[in-house]
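I opened a notebook page for this chain and went through it one spot at a time. The entries below follow the order in which I looked things up.

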Amino acid sequence: MTNLTQGKFNRYHLRLLGVALVAVLGLIAAGCGGGSSASQAPTVGVAGEQHSASGAAVMTRKVSGLGVVLVNSKGRTLYVFMKDAHSRVTCTGQCASFWPPLKWKSASKPTAGGTAKTALLGTDKNPSGGRVVTYNKWPLYTYSGDSGAGQANGENQTLNGGKWYVISPKGVLIKHRSSSGGGTTTGGGGWG
């Protein structure tokens with residue numbers, strides 16, 4: 001072999017060896033990962049998109065004018081739909097394309113981060129299939145009108161046949177923005 005051909009041959013083998021090493025390390029890391037289904041995260045979406053995330057299903061974040069509210073693992077504000085009547089998912093079909101439910105694919109119970117309470121988390125059967133994360137028995141949704149984390153454009157909106165509100169870590173609906181950023185809240189089921 002000439003030096004040029006032998007050099008290309010050696011680089012090819014080094015690349016092949018590097019790819020094989022990365023693959024083996026990946027398999028080892030996956031095998032040592034623990035296999036806990038609690039680390040599985042929900043699939044959440046914006047305008048029909050679906051995202052998989054790791055960590056807690058529900059977290060908290062301070063949103064201007066509303067105080068500390070629930071958010072998904074990407075920091076996007078979570079909402080409750082008054083039509084759900086504090087018990088079951090009713091936003092399906094076209095409604096769910098604007099208000100994607102916070103989906104949960106794991107067999108284990110969802111987990112909370114920040115000041116959210118794991119004890120208030122649960123899931124509800126989604127009529128469209130799968131399960132939706134609930135908080136204080138309210139199914140949770142994101143809003144396609146929020147283009148990023150920290151926004152709450154769906155707050156106090158009447159859309160898709162009902163009112164939409166954000167929810168506090170205590171499981172209380174926040175119905176009005178305040179000028180101080182603390183948020184005005186109403187009691188658990190609050191129907192107004």
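**Entry 1: T134.** I started with T134, whose relative accessibility is 7%, so I put T134 down as buried, the cut-off being under 20%. The model is a predicted one, and I read every value here as computed from it. T134 sits in strand β8, which runs over residues 131-135.

Next I asked which residues T134 is in contact with once its neighbours within four places in sequence are left aside. I found L120, L121, G122, T123, D124, P139 and L140. For T123 I also noted a polar approach: its backbone nitrogen lies 3.5 Å from a polar atom of the T134 side chain.

**Entry 2: the partner of β8.** I then looked at how β7 and β8 pair, and found the antiparallel sense, with five bridges. Opposite T134 of β8 stands G122. G122 is also among the contacts I had listed for T134. The two strands form a hairpin with five residues between them, and there G129 takes a positive phi near 115°.

**Entry 3: A112.** I moved to the loop between β6 (103-104) and β7 (121-125), where A112 lies.

Not counting residues up to four places away in sequence, A112 touches A56, V58, K117, T118 and L121. L121 is also on the contact list of T134. I checked one C-alpha distance as well: A112 and S73 are 39 residues apart along the chain, and their C-alpha atoms are separated by 9.6 Å.

**Entry 4: disulfide.** I searched the whole structure for disulfides and got one. C91 and C95 form it, with their sulfur atoms 1.9 Å apart. I logged the torsion about the S-S bond as about -105°, so this disulfide is left-handed. Both C91 and C95 are buried.

**Entry 5: aromatic pairs.** How many aromatic pairs does the structure hold? I counted six. One of them is F81 with W164, a stacked pair at 4.1 Å centre to centre and 10° between the planes. F81 belongs to strand β5 (residues 79-81) and W164 to strand β11 (residues 162-167), so this pair ties together parts that are 83 residues apart in sequence. F81 and W164 are both buried.

W164 also pairs with W99, again stacked, at 3.7 Å centre to centre and 0° between the planes. W99 is in the loop between α2 (94-98) and β6, while W164 is in β11, so here the parts tied together are 65 residues apart in sequence.

I then asked which residues make up the aromatic cluster. Y79, F81, W99, Y141, Y143 and W164 form one cluster.

**Entry 6: T77.** The loop between β4 (67-71) and β5 holds T77. With 0% relative accessibility, T77 counts as buried. What does the side chain of T77 reach? I found the backbone oxygen of Q151, at 2.5 Å.

Residues up to four places away in sequence aside, T77 touches V63, V69, L70, V71, Y141, T142, D146, G150, Q151, A152 and V166. Y141 in that list is also a member of the aromatic cluster, and Q151 is the residue whose backbone oxygen the T77 side chain reaches.

**Entry 7: the whole chain.** The secondary structure comes to two helices and 13 strands. The chain has 192 residues, of which 39% count as buried. I took the contacts between residues at least 6 apart in sequence, and 60% of these join residues at least 24 apart. The accessible surface is about 10,000 Å², and carbon and sulfur atoms account for 57% of that surface.

Terms used: Residues numbered from 1 in each chain as written. Predicted model: local features only at pLDDT ≥ 70, side-chain atom pairs only at ≥ 80, totals over all residues. Heavy atoms only, no water. Helix = DSSP H or I, 4+ residues; strand = E, 2+ residues; numbered from the N terminus. Buried < 20%, exposed > 50% of the residue type's maximum accessible area, 1.4 Å probe, protein only. Contact = heavy atoms within 4.5 Å. Areas by Shrake-Rupley, 256 points an atom, 1.4 Å probe, with all protein chains shown as cover. Disulfide = S-S within 2.5 Å. Polar contact = N/O pair within 3.5 Å; in protein donor to acceptor, adjacent residues only side chain to side chain. Pairing = 2+ DSSP bridges. Phe/Tyr/Trp six-rings, centres within 6.5 Å; stacked < 30°, edge-to-face > 60°.
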